[in-house]
Amino acid sequence: MKTIRTIRAKFKKLLVKFYLLMSELSSVPISTLIILSSNPIHESYRMSMFKKLRLGLRMYLNTLHITTGTSYRAHLVMASKIMAIPPDILGDIVECGTWKGGSATNLSIICNIVGRKLKVYDSFEGLPDTKPGEPLANKNLKGAFAGMIDEVISNIKRYGEIECCEFEKGWFDDTLPKLNSPVLLAFIDVDLESSLHTCVRWIWPNLVDQGYLFTDEAAFLEYVALFYSEKWWRKYFNRNPPGLIGAGSGLPLGQYFIGPWTGRLRLEWYIKTFEEPIVVAYTQKNLSACWTYYPEDEEQ
Ligand SMILES: C[S@@+](CC[C@H](N)C(=O)[O-])C[C@H]1O[C@@H](n2cnc3c(N)ncnc32)[C@H](O)[C@@H]1O
């Protein structure tokens with residue numbers, strides 16, 4: 001009896017997995033066309049509808065081949081922004097936090113299309129020790145999300161475009177202060193508040209005016225708060241906070257997500273598959289998210 005129940009449960013799980021794979025696969029063309037049509041792609045990149053569909057499918061399949069913390073839809077959102085910018089605007093694409101190279105592989109494909117460099121920053125030995133004062137300080141996370149540099153390079157060689165890639169191995173505190181070239185789009189996916197702080201602090205001055213700073217830390221309010229912190233932006237850049245599009249609204253870019261994300265496995269795993277916040281959000285230099293309405297001040 002117990003064996004029959006176990007077989008039935010296994011079969012059910014297999015069936016649901018198959019259904020999920022099929023529904024995800026069948027949504028690739030529509031997701032790709034919706035996301036890649038949301039910004040006009042610059043004509044010099046010659047992206048026909050067929051090329052867009054092939055790109056979306058390639059990116060989706062890559063996320064099946066390489067374990068990744070982000071979705072191909074999130075990668076397509078970044079692609080749509082990069083391909084909307086004319087080639088004469090200078091700037092590299094920067095990724096901070098690569099793990100096994102899943103997102104970097106898809107970004108390398110975009111870089112190849114638009115003729116830009118992809119600079120990949122990582123320790124290539126996983127997360128560092130947390131720093132005193134950050135919320136995850138007493139969790140033992142050192143070494144989590146480790147992807148060795150050889151593994152990342154071999155993934156990109158196999159599934160992406162290695163020619164446009166450069167790798168900067170080391171802790172962000174050591175490598176990023178040396179960044180001294182224009183950045184068109186940065187993708188920051190680094191898990192720790194201390195790492196997010198370092199990345200934004202050193203990338204922002206290099207970001208070109210039309211550029212984008214994307215982050216994966218969009219589902220956690222403590223992290224989103226950096227982009228709204230008047231104190232932080234005043235202290236480091238003497239400006240108003242820029243805010244973060246795609247975060248905090250319950251409708252992050254490119255993914256189903258109702259939220260809030262608690263990080264606990266409360267939901268059935270098949271719902272979790274759809275609701276996992278493998279999403280991104282972005283900001284830009286010209287944005288300002290500062291509350292200015294104080295009626296009492298007006299009355300004085
Ligand atoms: C969640 S993983 C990145 C996932 C990847 N972007 C993807 O979509 O599959 C976080 C990465 O950040 C790196 N990382 C975090 N903090 C770092 C730091 N201070 N210096 C160097 N690497 C860091 C870790 O080594 C890890 O590879």
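Two residues are in contact if their C-beta atoms, placed from the backbone, lie within 7 Å. The model is predicted: local features require pLDDT of at least 70 and side-chain atom pairs count only at pLDDT 80 or more, while totals for chains, interfaces and linings use all residues. Residues are numbered from 1 along each chain as its sequence is written.

**Overall architecture**
- The protein chain comprises 12 helices and six strands, taken as DSSP runs numbered from the N terminus (helices H or I, at least four residues; strands E, at least two).
- Of the 300 residues in the protein chain, 39% are buried; a residue is buried if 20 or more other C-beta atoms lie within 10 Å of its own, exposed if 12 or fewer, and partly exposed in between.
- Among contacts between residues at least 6 apart in sequence, 75% join residues at least 24 apart.

**Helix α6**
- In α6 (residues 149-159), the residues Val 152, Asn 155, Ile 156 and Tyr 159 are buried.
- These residues lie on the same side of α6, because they cover an arc of only 95° around the axis, the arc being that of the directions from the helix axis to the C-beta atoms.
- The cover over the buried residues of α6 includes α3 (49-65), α5 (102-114) and β3 (165-169).

**Helix α5**
- Helix α5 is mostly covered, with 10 of its 13 residues buried; among them are Ser 103, Asn 106, Leu 107 and Ile 110.

**Nonpolar core**
- The largest nonpolar core contains 63 residues; such a core is a set of buried Ala, Val, Leu, Ile, Met, Phe, Trp, Tyr and Cys residues joined through C-beta atoms within 7 Å.
- Helix α4 (residues 72-84) gives the most to this core, with eight residues.
- Ile 82 is one of the residues with the most contacts inside the core; not counting residues up to four places away in sequence, Ile 82 touches Ile 93, Ile 110, Val 114, Leu 184 and Leu 185.

**Ligand surroundings**
- The ligand is surrounded by 22 residues, the closest being Thr 68, Gly 97, Ser 103, Asp 189 and Ser 195; a residue is near if its C-beta atom, placed from the backbone, lies within 6 Å.

**Loop residues with positive phi**
- Phe 145, in the loop between β2 (118-122) and α6, has a positive phi of about 60° although it is not a glycine.
- Asp 191, in the loop between β4 (183-188) and α8 (193-203), has a positive phi of about 70°.
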